[in-house]
Every structure is written in structure tokens, then in C-alpha cells.
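Hi everyone, thanks for coming.

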Amino acid sequence: MDRWTGKIAVVTGASSGIGAATAKDLARAGLVVVGLARRVERIEELKNDMPESARDRLHAVKCDISKEEDILATFKWVEEKFGGVDVLINNAGIGRMTQLIAADNTKQIREVLDTNVMGLVLCSREAYQSMKRRSVDGHIVHINSVAGHTVLNFPTMNIYPATKHAVTAITETMRNELRNANTKIKVTSISPGGVRTEIIPEEFHNSGHPLLEAEDISAAVLYVLGTPPHVQIHELMVRPVGEKF
């Protein structure tokens, strides 16, 4: 991780769960971290659990990644404040409990698509443009899901697996585009199984089903970032021992 010391990392959905754990761990590792979320006060609260030496490296920025204007304004601010982006962690993702065939669910379906797919694509685009302008061999990490490789039999997951399958395809598309553009920018998909986060329904937390902790996925992020420049972890699947699906 030494080569990333002092470099700029943007983490979406940094107010809780995997995003919060990753933002804290990257700051501890010496990166300057810009945490994006709609609830910026929760990012500020993360500093209470951080070593004093790392607190000043975490910056909270209000950004709703389902809105392109927010994304453009945020990446412009990062460019002006810090010079640009070296690492992007596309963590923000949501689920809405409904069914594809349920009545009057258009708003819920669009919210999931706009965040999980369009938000990820637009943040990646802006990060790439920043890296290209400065000839930086950066790294883009997508927090995907095992649901991006299979469709689980949970009736109210609706469009969520489709959005994560899209992330799997987008990762491979980006790998091809980045190679064809003659860059050495890396792109990685990390696909967790069940993780104890707010996106998992409370009844699932107490069902006895094995779950990972957010810090387990943050450790995976640091692992892929810490690989040598010639090594690209393209897909990393992380499951809790005993997971049934």
C-alpha cells in the first residue's frame, strides 16, 4: 500500500457499512479519503473511531450519486481541492423491497437502477477522466455482490440482481476499454456474500445465517489495492463460511 500514501481516494456510500469501513481503513493506510454520502454527518462521526493521525485525511462530501449533477459537482470539487482522483471505490448501492411484478413500483425500481448502475458508471467515468488527464495509473473498485453472478431465490430482491449482473458486465467492459486506451488503470469487482450491513433486512441478521462483517470487505479492498502494478485482481468473491446460497 506504500505507493498509495498521500494519494486521493473517493469512496461512495461512505456513511455506513462497507463504505464506512473502507473509508476509515484507507485513511489509516495513508490515503486522503473523500467520503461521499447523502448523510455527511455520519461520515464526520467516523472520525471518532479513527487514530488522530488519520482523522484529518478523511473528508466528508454530500453527494447523491443517483443524480448526475451531484457527481459532476463533486468530482470538480475533488479536482480543485486535491488535484484529482487516484482511487475510486464504487461502494454505494441500495435495494428496495418489492417485486418486479408488483403494482406501482416504478419509483423503487428506478432508484435502484439509478444508484447501482448509473451512479457507478458516471463516477467511474469522471474518475477515469481525472486519471487520464494526469497520466495516473489509478484503480477503480466496484463493490459488486454474489447476486451479480447468480439470481438468488429471495422474492423481494426484484431488480437488484440485475443491477449487480450489470456491474459484472461493466467491470469486464471497463477492463477492455482501459486496455484499448493503452492505460495501466486497474478495475476490480469485489463480490461479497451476505454482509452485516443496513441493506440486509433485520430479520436476516437474526436468522442464524452466517454473515461477513463490513471490515472483511474493506480488508479485501486493501488487498486488491496492494497488489503490484503488473497484477490485476479482476474479480474477487468473498463469502462467509457456511453460506447456503
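At what angle do the axes of helix α5 and helix α6 cross? First, a word on what you see: this is a predicted model, where local features need pLDDT of at least 70 and side-chain atom pairs count only at pLDDT 80 or more, while totals for chains, interfaces and linings use all residues. Residues are numbered from 1 along each chain as its sequence is written, and side-chain values use heavy atoms, with hydrogens and water left out.

Now the answer: the axes of α5 (residues 106-133) and α6 (residues 160-180) cross at roughly 15° and come within 9 Å. Axes here are lines fitted to C-alpha atoms, for helices over the stretch in contact, with angles from 0 to 180 degrees between N-to-C directions. Helices are DSSP runs of H or I with at least four residues, strands are E runs of at least two, and both are numbered from the N terminus. So α5 is roughly parallel to α6, a word we use for angles under 35 degrees.

Who meets whom? In α5, Leu113, Val117 and Leu120 are among the residues in contact (heavy atoms within 4.5 Å) with α6, whose partners include Ala166, Val167 and Ile170.

Finally, Ile190 touches Ile143, Ile217 and Leu236, among others, not counting residues up to four places away in sequence.

Conventions. Parallel < 35°, antiparallel > 145°, perpendicular 65-115°, else oblique.
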